[in-house]
Structure formats: structure tokens, C-alpha cells
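Welcome, and thanks for taking a look at this one. Here is a short briefing to read alongside the structure.

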Amino acid sequence: MSNVQLAFLMMGILLILMSIRIPIALAMMVCGSIGYVVIGGLPALLEYLGTAPVAKFSTYDLSVVPLFLLMGELATRSGITTELFRTCNTWVGRQKGGIAMAAVAGCAAFGAICGSSLATASTMGKVALPEMRRLNYSGSLAAGALAAGGTLGILIPPSMVLIIFAVLTEQNISKMFIAAFIPGFLAAAGYMITIAIYVRLYPNSGPRGEATTWLQKLKSTRDVWHITLIFLIVLGGIYFGIFTPTEAASVGVVLTAILAITHGKMRMEGLLASLIRTAVSSAMIFFIVLGADLFSVFIALSKLPEIGVEVLTNSGLSAYTILVIMLITYLIMGCFLDSLAMILLTIPIYFPIIMAMDFGIPTADLGIWFGIIALVVVEVGLITPPVGMNIFIIKSFDQSLPLKECFKGVVPFLLSDFVRVALLVMFPGITLWLVHAIG
């Protein structure tokens, strides 16, 4: 068996292990270790394991992970989602489908200080779904809007998957955050436009909410000033070079903790729970990073990326055709894998191939552009059947919602995502303009 055949075999075994619910970190370490031993021998593997973990986890950039996770935990427990939704609802709730639009806007705002899609969908679903059901919104629109809105947590900075991608590919985290801003804004705007079109095609699916006065609008906006301040300090500090991402995360944790204690009435019990959940999540992510690193080294030893570059270069296919094929595989994998698993499984193979292709984009920008596009497509996987993690989270809040209706509800939002992906692929400047403007 050649090394390339071994690489494909281990990838197949890896998919099988993940499909039977073996933790992805353990699955990648097992497959990577077996492949490493076959190619390089057991002494080489032991030498690698004796030095690589220390080198990997001594990386300063990884310290941003537990900090942003803690920030998200504190934000989730502070109760700010209720105020975010109430403020957005006050401004747009009177429109047809306005409650769904308010939920999407609330998801975007919460995602800006959380960084987790599942947490965004969960916290906003608890607040917005009962209100939409009370106003007789169709189950498909309610579930679709909340599930799609939840995906904004993975795209709008800070994003855990974006940070992991940047660390694995040695990209600048600050530039990745900056590059994700416009695509994230387009996602939120696209979802709102989708809702507006949907309620015109199906007028009874999204009734109007209660009318509000300008005084009520201004008062509700005043109630979320502290959330806006955290957003401006943390992300504004990164965008304008005042903070590094790690420094910004530290500042964000302190500000969010103050908000949770003074505004959310958080007590010692809640703070300890946030710290414990952060520690558990950080350990899980770091274990996954170690497994991905070992698997990546094995893939590199097999020469699969180099051979892949050579084969694709000589295939006569254009660089954009190859990119589209990769994105299609992401959509397929999204039907049965979570977002982090997709990134970790494909980056060792896809990234070297992309960097060797000629897209007419400077090398310094190419990794950032591909990372954002990959993240957007991975985000789509969170609402694609049959897995669609966000859909199951929303359904868990209302068991009377048929699963068929939930999946039906995300279809219009998937169409919006496809349009957005096409725009980002055809016009790289959408992703890179702000990076150059600020950088």
C-alpha cells in the first residue's frame, strides 16, 4: 500500500469513527498515530509526541480561546439576550415578519460577544421562539429564522472556529476577524431580506408585532448601551490595532463579568459554573487541536497534499472549479459532521492545494479569503439536514414543532447562503477590502 492510499484509508476510518460517535480528537489521534507509525516508525511518533504538544500549546495565540469562551459563558448567563431581542423587536417588530427579523438581529448582536453558533441559537431561541409562537408565526419560519440566525455566532467575530483555522494555518487572527465583518453583515442582511420576501409570499406566516412609539424605541436602545460599548471596545480595539486579539479578549472578559454581576445579577455560583464550563470546553478544543496537528503531520508525511496539487494542476481544471468542488464537499460533509470537525478534517489537504493555485490574489490575502469562504460554507452545514445542529436546538424548545417543518423553514435561508457564497467567491474584494482599508 502506498502512502497516499494509506492516507485515504485513514481518512475513511476517521469518518467511520466519527460517525459512530467516537470523539473527534481521539479519532484523529488514533488515525494519525497509526499512519505516522506505518510511514515513519514508532520511535519517530514517540519523539513527536514528546515535543509537539508542548510546542503547540505554548503558542500565545491559543490563549485567546479560553478567554473568548469565558466571555461567551458570562454573556450567556448575564441575561442580555432578552434585552437585545426586546430592543430589536421594538425597532422592527411592527413589520410583517418583524419578530423573526428582530431575532436575526439579536443573534448577530449576541454573536459579536459570544463566538459560538450553538450558544447563540440556544440563548436567542429561548427568548424569541415563545414570542413568535404567541403571535402565531408559522413553525417553519420561526424555526428557520432562529436556526439560521444562530449560525451568525460562528461567523461574526469573535469566532472559535475562525480562531482555530487561523492557528492551524498560521494566519493573522486580527486580519481574519476584520475580514469576517462584512461577510457577517451580509449574512444578517441576507436573512432579513429572506424573511421579508417569505412573508410576502406567505402573508399569514409572519404577523405584525405590536406598534411602538419613538420614545419606546429610544428607551430600549438606551437599555443595551453597555452591550454596544463592549462590542465597540473589544472589536474596535482589534480592528484599529489598539489591542491584540488576546488583549481584547481579556478586556472583554472583564467588561462582560462586570455586566453579568451588576446587570445580570450573577452570583458566585454562576461565576464558578462559567469558569468550569470554560475549562471543560477549552480542554476539549485543545485536545482536538492536538489530534488535528498529529493527523495533519501524518497527511503531510504521506505527500497527499503535494500529489493533490500536482494532479489538480495537471488536470486542466481552473482554480475556481477546484474551489467549487471543495465547497461542494463541505456542503456534503455538513449533512453529518459539525463545523469544527469539517475544518480540522479538510484543512491539512485543502489549504496547501488552495495556496498553490492561482486565483489572481496575493498569497498574503489568499489564506484569509479561503478561510472566510470555508467558514461561511461550514456555517451552512449547521442548518442542513439530516444533522443541522441548530435546527435540533430550536426544536428542543418546542417539541410540538414537527422536524419536517423545521427543515422546510431553513430552505429559504439556505438559498440566501448560496447567493452569499457565490458573491464572496466571485468578488474577493468583499472579504479583503476592510483588511486593506484598516491594515
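Two residues count as being in contact when heavy atoms lie within 4.5 Å. By that rule, and not counting residues up to four places away in sequence, Ala319 touches Met357, Asp358 and Phe359. Please keep in mind that this is a predicted model.

**Around Ala319**
- Ala319 belongs to helix H17, which covers residues 319-333.
- With a relative accessibility of 12%, Ala319 counts as buried, because the cut-off for buried is under 20%.
- Val65 is 254 residues away from Ala319 along the chain, and 33 Å separates their C-alpha atoms.

**An enclosed helix**
- Helix H10 (residues 160-169) has nine of its ten residues buried, so the rest of the structure largely encloses this helix.
- Among the buried residues of H10 are Met160, Phe165 and Thr169.
- The cover over them includes helix H4 (64-77), helix H11 (173-201), helix H15 (268-301) and H19.

- Asp365 sits in helix H19 (residues 363-381).
- Although buried, Asp365 has no salt bridge, and Lys175, the nearest side chain of opposite charge, is 6.2 Å away.
- Leaving aside neighbours within four places in sequence, Asp365 is in contact with Leu432 and His436.

**The largest pocket**
- The largest pocket holds about 1,300 Å³ of space.
- Its lining is made up of 40 residues, and Ser116, Leu118, Met284, Asp338 and Met389 lie nearest the centre.
- By type, the lining of the largest pocket has 23 nonpolar, eleven polar and six charged residues.
- Helices that each supply at least two lining residues include H1 (3-19), H7 (117-134) and H18.

**Salt bridges**
- Across the whole structure, a search finds five salt bridges.
- One of them joins Glu73 and Arg277, at 3.1 Å from N to O.
- This pair links distant parts of the chain, with Glu73 in helix H4 and Arg277 in helix H15, 204 residues apart.
- Glu73 is buried, at 13% relative accessible area, whereas Arg277 is partly exposed at 46%.
- Arg134 and Glu131 also form a salt bridge, with their closest N and O atoms 2.8 Å apart.
- These two residues of helix H7 are three residues apart, so about one helical turn separates Arg134 from Glu131.
- Lys303 pairs with Glu306 in a salt bridge of 3.8 Å, N to O.

Key:
Residues numbered from 1 in each chain as written. Predicted model: local features only at pLDDT ≥ 70, side-chain atom pairs only at ≥ 80, totals over all residues. Heavy atoms only, no water. Helix = DSSP H or I, 4+ residues; strand = E, 2+ residues; numbered from the N terminus. Buried < 20%, exposed > 50% of the residue type's maximum accessible area, 1.4 Å probe, protein only. Lys, Arg positive; Asp, Glu negative; His and termini not counted. Salt bridge = Lys/Arg side-chain N within 4 Å of Asp/Glu carboxyl O. 1 Å grid on protein atoms, 1.4 Å probe; cavity = no way out; pocket = protein on both sides within 12 Å on 5 of 7 lines; lining within 4 Å. Points joined across faces, edges and corners; volume = space filled by probe spheres on them. Nonpolar A, V, L, I, M, F, W, Y, C, P; charged D, E, K, R; others polar.
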